[in-house]
Amino acid sequence: MGILLPNIITFAWPMGAMTDYTVMGDTCANALGHTIISTAFLGKFMFLFALLFGSGVIMYARKFDSADHEGNYHTKLSTGTGLWYMRCGLLLVFGTLHAYLLWFGDILSFYAVAGLTLLWWIRRLHPKLQFFGGLGLYALGSLLVFGFSALTYWALSAGHITAEELSSDPAYEIAAYTGTYFDAFRARFITTLFMEILFLPLMLPMLWGIMAMGMGLTRMGILTGERPLAFYVKAAIILLGIGIPLTGLAYVNIEHTFDLVPGFIWQSVAQPIGVPLGLGYAALVIALSKCASARLICIPLAAVGRMALTNYFLQTILCTTFFYGYGFGHYASIDFPRLWLVIAVVWSINILFSMLWLRFFTMGPFEWIWRVMTYRKLVAIRA
């Protein structure tokens, strides 16, 4: 649900609005909306999404890994490893279809590539090595991304490129995404291809690092809620106490320091700066899940989480249908504060659909398809 907020910008507006909201009008509401999303949400929920993907590696591997009394592992390679690569290969197919046929902002194909490369082979490292090694790898990847952004910004400052060349022409995007499906497909195809060629190699070390951190935190019993409630309350207070002012100060300083498209630089630092904030969110959610008085919040969130893949696709289907020309055609015509209403409606549909579906079924429809295709046999889905 949190990842929808950064994504709504690219669903509703031209790409240039990601770094410069004035593309859609320099209003107080747009400035406030862009600031809230850029500081509280941008990068933080993608971080949590990747953290949980790494956690999923451990959850999956536990079905196939077992240790004897001496701590030596025995793995059914013909099943566990083979099925893992089948699972990630299918995710790559789903993500690629999602990106080219529906929306260029897909992240699943990036996660699939991370899963097809390093992740399976580091699942048995010591949990602290996974966490701190992942943190180091993430820091290195972040430096690579920031270096690329800084180099691009230098080229912009030196006049080698213009601000308009940093993203697609808004007029072209508006014409494409308010036109027919094939108009949108042509524009999306080029954008998706460009993003995969340029950003996948840059982002892969960051993704490996976050996912390794998720493995370590899972095996240490932290992400799985095995520590006392007091642990998560203290962690949330400390991490949010560090993360909120750190993110705010960084955002203000970048806005004041980089006079040419400061949002472009912020895109590369929002997530690394926001790691304490993202982990603080995680600690807060786990703390709430351990409080009986928070059931009103946690039960709907749990339902959405059990159908994360389905809800991710559902958000794309709802938003592209609402904004694009082959649907209701509201692309580049709705700004803040009305965009908050769109977000609230999509969230409501995610929650209501998930809670209703799980009354009759044990998993979401796309989760079921993924599992059936992975195991190549029908899997029970009725509750």
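Reader: Which ring does the charged end of Arg227 sit over?
Author: This is a predicted model: local features need pLDDT of at least 70, side-chain atom pairs count only at pLDDT 80 or more, and totals for chains, interfaces and linings use all residues. Residues are numbered from 1 along each chain as its sequence is written, and side-chain values use heavy atoms, leaving out hydrogens and water. A charge sits over a ring if NZ of Lys or CZ of Arg is within 6 Å of the ring centre and within 35 degrees of the ring normal. Arg227 has its charged end 5.1 Å from the centre of the ring of Phe231.

Reader: How many aromatic pairs are there?
Author: Rings of Phe, Tyr and Trp (its six-membered ring) pair if their centres lie within 6.5 Å; planes under 30 degrees apart count as stacked, over 60 as edge-to-face and the rest as tilted. By this rule, the aromatic pairs come to 33.

Reader: Is the pair of Phe336 and Trp340 stacked, edge-to-face or tilted?
Author: The ring centres of Phe336 and Trp340 are 5.0 Å apart. Their planes stand at 50°, so the pair is tilted.

Reader: Is Trp340 buried, partly exposed or exposed?
Author: Buried means under 20% relative accessible area, exposed over 50%, and partly exposed in between (1.4 Å probe, protein chains only). Phe336 has 3% relative accessibility and counts as buried. Trp340 has 28%, so Trp340 counts as partly exposed.

Reader: How many of the 10 residues of helix H5 are buried?
Author: Helices (H or I, at least four residues) and strands (E, at least two) are DSSP runs, numbered from the N terminus. H5 spans residues 108-117. Among its buried residues are Leu108, Phe110 and Tyr111. H5 is largely enclosed by the rest of the structure, because its buried residues number eight.

Reader: Which helices are included in what covers the buried residues of H5?
Author: Tyr111 is one of the buried residues of H5. Tyr111 also belongs to a cluster linked by ring pairs, with Phe49, Trp84 and Tyr312 among the other members. The cover of the buried residues of H5 includes helices H3 (44-61), H4 (80-101), H8 (181-219) and H13 (308-323).

Reader: Which element gives the most to the largest nonpolar core?
Author: A nonpolar core is a set of buried Ala, Val, Leu, Ile, Met, Phe, Trp, Tyr and Cys residues joined through side-chain atoms within 4.5 Å. The largest has 89 residues, and those touching the most other members include Ile8, Trp13 and Phe47. With 15 residues, the element that gives the most to this core is H8.

Reader: Which element gives the most to the lining of the largest pocket?
Author: On a 1 Å grid over the protein atoms alone, a cavity is a set of points where a 1.4 Å probe fits but cannot get out; a pocket is an open set with protein on both sides within 12 Å along at least five of seven lines, and lining residues have an atom within 4 Å of a point. The largest pocket is lined by 49 residues, with Phe49 and Arg306 among those nearest its centre. With 11 residues, the element giving the most to this lining is H3.

Reader: What is the volume of the largest cavity?
Author: Grid points are joined across faces, edges and corners, and a volume is the space filled by probe spheres set on the points. The structure holds one cavity of 30 Å³ or more. Residues including Tyr60, Arg87 and Tyr375 line the largest cavity. Its volume is about 40 Å³.

Conventions: Contact means heavy atoms within 4.5 Å.
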